[in-house]
Amino acid sequence: MRDLSGKCVVLGVTGGIAAYKMANVASALTKAGADVHVIMTENAVKFITPLTFETLTHNACVTDTFDRSTPYEVTHVSLAKAADLILVAPATANVIAKMANGIADDMLTTTLLAARSPILVAPAMNTAMLNHPATRQNIRTLRERGVRILEPVSGHLACGDTGSGKLPEPEELAAAVERELLKDRDSMKGLRVTVTAGPTQESLDPVRFLTNHSSGRMGYSIAQEAVARGAEVRLISGPVALDPVSGAEILPVTTAEEMLHAVQETLPDTDILIMAAAVSDYRPEEESDSKIKKSDSDLTLNLVRNPDILGWVAEHRHDGLFVCGFSMETENLLENSRGKLSKKHLDMICANSLREPGAGFGVPTNVVTIITEDGTEPLPKMPKLQVAGKLLDSIMEHRV
Ligand code: CTP
């Protein structure tokens, strides 16, 4: 395994027969230099002793059955804060259900609810429990929230059945932790990334504006992922109701013209431009200073074209700049997106269909196809943060 020193890993062990396998995981991660803390549920303690983990990790094992001399109230928060990654394995149907519903009634679930680090969950249970619609739904919920599920493997189960539900082998679990912890660390260091996000708003009068349904989540996820990979990130953001991305410089704009100006200003210092914003193509010809009062007749609005920001970029791009656009379509997704790729002189376009369930505006997931001159890479439905990761991976591969 690669060096994991400086990394804090929390292992959440729940009451499944496979709990014994976690001793090897704890040992492998500790040997690789990670600071490993184990939290066991009350039932887990029936399968493997806390002493095993304490001996292997050289850290106190947190359980709900210990005497109250340890400062529990702060332990869960401090571990949640310190963790670079939490692996819940084996994860029973019960703990998965609690996680999906935000229940925090023991040390492990309380820590999970307070955690901000990536979380990996390795479900392990009887096949029927795994396939129960409730468990399926709970796993889907966790996935959509960005939790990574390590798929159970098929084989002979402790209950005597044969089927899916086995915990992967310890080496695989440790490797998944290693991959996640060292994922792309500093892989974008030194790169200047500009991301546009959200809708634009075009005022009609002091009260009303034209806009679209963009929430900004896709662009914000890209900015967040680029920051995590060490890039210097500027986020040109239309009006959104999202928390700012820490580590990114936010340039707030309202209209398409303001967004164009912000892009014009940042372009000379940009290595990678990702236009995830849903820019209004039109604006009202005139913006009234006072509120437009209604009359008995119909109202006709005259709209004029907004500047095409990517069109401007195409004419002013400098050597070494990589430009990725987004395309939203309801029909002929791939064909229209390929058209935009060449018309706007893009290096890449990320196409998402508004017809696909779980894709597009206002949902936490997206279903995209990454298109370049070289080909087309369709991605399955995944949380927007994971889409962002895949997109950045692809950009890094295609950049020369
Ligand atoms: N875009 C832009 N300036 C605009 C409109 C869109 O730079 N005035 C960018 C978007 O940020 C996106 C890409 O162009 O990255 C494609 O946007 P989309 O609205 O799908 O395409 P349009 O070229 O506007 O074509 P249409 O609306 O006809 O589909």
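A pocket is here an open set of grid points, computed over the protein atoms alone, with protein on both sides within 12 Å along at least five of seven lines. In this predicted model, the space taken by the ligand is the second largest pocket. The elements that contribute two or more residues to the shell around the ligand are helix H11, spanning residues 309–316, and strand S17, spanning residues 322–329, and of the elements in the shell it is S17 that gives the most, with 5 residues.

In total, 15 residues surround the ligand, and the closest of these are Met275, Ala277, Phe326, Lys340 and Lys344. Taken alone, the ligand exposes 560 Å², of which the protein buries 78%.

A separate position examined in the model was Ala80, which lies in helix H3, formed by residues 72–82. Ala80 has a relative accessible area of 5% and is therefore classed as buried, the cut-off for that class being under 20%. When neighbours within four places in sequence are left aside, the contacts of Ala80 are with Thr111, Ala114, Ala115 and Arg116. Between Ala80 and Glu172, which are 92 residues apart along the chain, the C-alpha atoms are separated by 24 Å.

Methods. Residues are numbered from 1 along each chain as its sequence is written. This is a predicted model: local features need pLDDT of at least 70, side-chain atom pairs count only at pLDDT 80 or more; totals for chains, interfaces and linings use all residues. Side-chain values use heavy atoms; hydrogens and water are left out. Helices (H or I, at least four residues) and strands (E, at least two) are DSSP runs, numbered from the N terminus. Buried means under 20% relative accessible area, exposed over 50%, partly exposed in between (1.4 Å probe, protein chains only). Contact means heavy atoms within 4.5 Å. A residue is near a molecule or strand if one of its heavy atoms lies within 4 Å of it. Accessible areas come from the Shrake-Rupley method with a 1.4 Å probe; for residues, only the protein chains shown count as cover. On a 1 Å grid over the protein atoms alone, a cavity is a set of points where a 1.4 Å probe fits but cannot get out, and a pocket is an open set with protein on both sides within 12 Å along at least five of seven lines; lining residues have an atom within 4 Å of a point. A molecule sits in a cavity or pocket if more than half of its atoms lie within 2 Å of its grid points.
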